[in-house]
Amino acid sequence: MGIWILNGTTLDASGQEAVKHLFIENGKIAQRLDGQETPETAGHEVIEAAGKLVSPGFIDMHVHLREPGFEHKETIASGTRSAARGGYTTIACMPNTKPVIDTVDTVKFIQGKTETEGNGVRVLPYGCISKNQLGRELTDFEGLKDAGVVAFTDDGVGVQSAQMMKDAMARAAALGMPIVAHCEDDTMVKGAPVSEGTFADKHGLKGIPNESEAIHVGRDILLAEATGVHYHVCHVSTEQSVRLIRLGKQIGVKVTAEVCPHHLLLSEEDIPGMDANWKMNPPLRSKRDVEAVIEALEDGTIDMIVTDHAPHSDEEKAKGMQLAPFGIVGFETAFPLLYTKFVATGKWSLGFLIERMTSVPADVFGLPWGQLEIGSEADLTLIDLKKEKEVDPAEFLSKSRNTPFTGWKLKGWPVLTMVAGSVAWTESSE
Ligand SMILES: NC(=O)N[C@@H](CC(=O)O)C(=O)O
Ligand SMILES: [Zn+2]
Ligand SMILES: [Zn+2]
């Protein structure tokens, strides 16, 4: 038995919308018929998708699932459910767990849990660059690669030593693996909870300067040039980083980059008060930085959109702006936020947004997903672009509710998520 998805709206390579019927067999897209044709559905399951967008499943290359070690914030089970509800079919999980993902055994643990509790969502573990993420000694890159990590990163902290980063890049380049970098110079941050700027000034807080990020970006582009590695910059938030990445691309360095919805939508001036749901790393920056990252995404300097889904418990966030941990959840609001604020307003085409959440991350990391061609894995998301709803953290499937977007009225909510032809989540099953 196969599955027919009938009358859904799909986008072609040039972003044109067309009504199609998709037939899924053995987990793959087996046929695509034009909307005028009448498929033979007898004996098959039918999903009616009239009025819905059928998008390739979203791919999120930057997420925190918190297991092992921080199961009160999130688990592989809750995180993948939350991801599926957001329309994500493939997610790459960061290694800042407890223990960190710096051994083959921990990689195997993530893979095993995903198999049994991952709700069908594809979870790609990252391996650490340094043992325990301490920046002192490199991990076993060969072993971690063989175990199946997607790339190397110490996300959560910056690699402070330039020489260690260069050594890491040389090893990764030899293995054909990317280095993915959280860019932050610790000597410039010193306990500041928010960006330098009007909010920090008003509340008498220390500010995180833009250069603390951009100095690593610049350093690492030079090191990537020297080593030939594929260097990917995490959560770009500043105008200065954008300028350096643009230059890196111009001179032929293999540098790619990601941006998060919150850095595209919010500036430090929007922070309403001492509410730690507005505290994340990198912090919300100035309006000028927001404009720069938007422009960089539009001109291709920044390649893709990721959530940096970073769940923390209510208790942890209640510690206040200075003491609460950095991070906000992202899966369940990413697409409606971006669709409502950039596509429904006419600034971006729908195809532009979808590509940055599907085919672009797949191309950049050499993954076989992110499109709906005949023969591709049936990883897809049905989205009701007209459905309007307020963001209500109480209904998140994530274990955590730390979002600054509470109460935002948004359009474009996923209604069904399928991975390899199996339904991972549907609105109707909630
Ligand atoms: N982004 C965040 O604010 N927090 C992340 C760490 C990280 O992505 O650097 C976390 O693990 O909580
Ligand atoms: Zn980070
Ligand atoms: Zn992160």
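Let's start with helix α12, residues 350-357: 6 of its 8 residues are buried, so the rest of the structure largely encloses this helix. The buried ones are Leu350, Leu353, Ile354, Glu355, Arg356 and Met357. Do keep in mind that this is a predicted model.

Now for the nonpolar interior. As a reminder, nonpolar side chains tend to be buried together in soluble globular proteins. Here the largest nonpolar core has 111 residues, and the members touching the most others are Cys93, Tyr126, Phe152, Met169, Ile179, Val233 and Val293. Which helix gives this core its largest share? That would be α11, residues 334-343, with 7 residues. And where does the core sit relative to the domains? Domain 1 (3-54 + 376-387 + 410-429) and domain 2 (57-365) both contribute residues, so the core lies between them.

Let me zoom in on Met169. Leaving out residues up to four places away in sequence, Met169 touches Ile179, Leu223, Ala224, Thr227, Val229 and Tyr231.

On to ligand 1. Around it we find His64, Asn96, Asp155, Gly156, His182, Met280, Asn281, Asp308, Ala310, Pro325, Phe326 and Gly327. Sorted by type, that shell has 6 polar, 4 nonpolar and 2 charged residues.

Last, a word on annotation. An unreviewed UniProt entry labels residues 51-240 "domain: Dihydroorotase catalytic". In the model, that span is 37% helix and 17% strand, and its end C-alpha atoms lie 42 Å apart. Thanks, everyone!

Key: Residues are numbered from 1 along each chain as its sequence is written. Chains are lettered from A and ligands numbered from 1 in the order in which they are written. This is a predicted model: local features need pLDDT of at least 70, side-chain atom pairs count only at pLDDT 80 or more; totals for chains, interfaces and linings use all residues. A residue is buried if 20 or more other C-beta atoms lie within 10 Å of its own, exposed if 12 or fewer, and partly exposed in between; C-beta atoms are placed from the backbone. Helices (H or I, at least four residues) and strands (E, at least two) are DSSP runs, numbered from the N terminus. UniProt positions are given in the numbering used here, feature names are shortened, and annotations may be inferred rather than shown by experiment. A residue is near a molecule or strand if its C-beta atom, placed from the backbone, lies within 6 Å of it. Ala, Val, Leu, Ile, Met, Phe, Trp, Tyr, Cys and Pro count as nonpolar, Asp, Glu, Lys and Arg as charged, and the others, Gly among them, as polar. A nonpolar core is a set of buried Ala, Val, Leu, Ile, Met, Phe, Trp, Tyr and Cys residues joined through C-beta atoms within 7 Å. Domain bounds come from an automatic or database domain assignment. Two residues are in contact if their C-beta atoms, placed from the backbone, lie within 7 Å.
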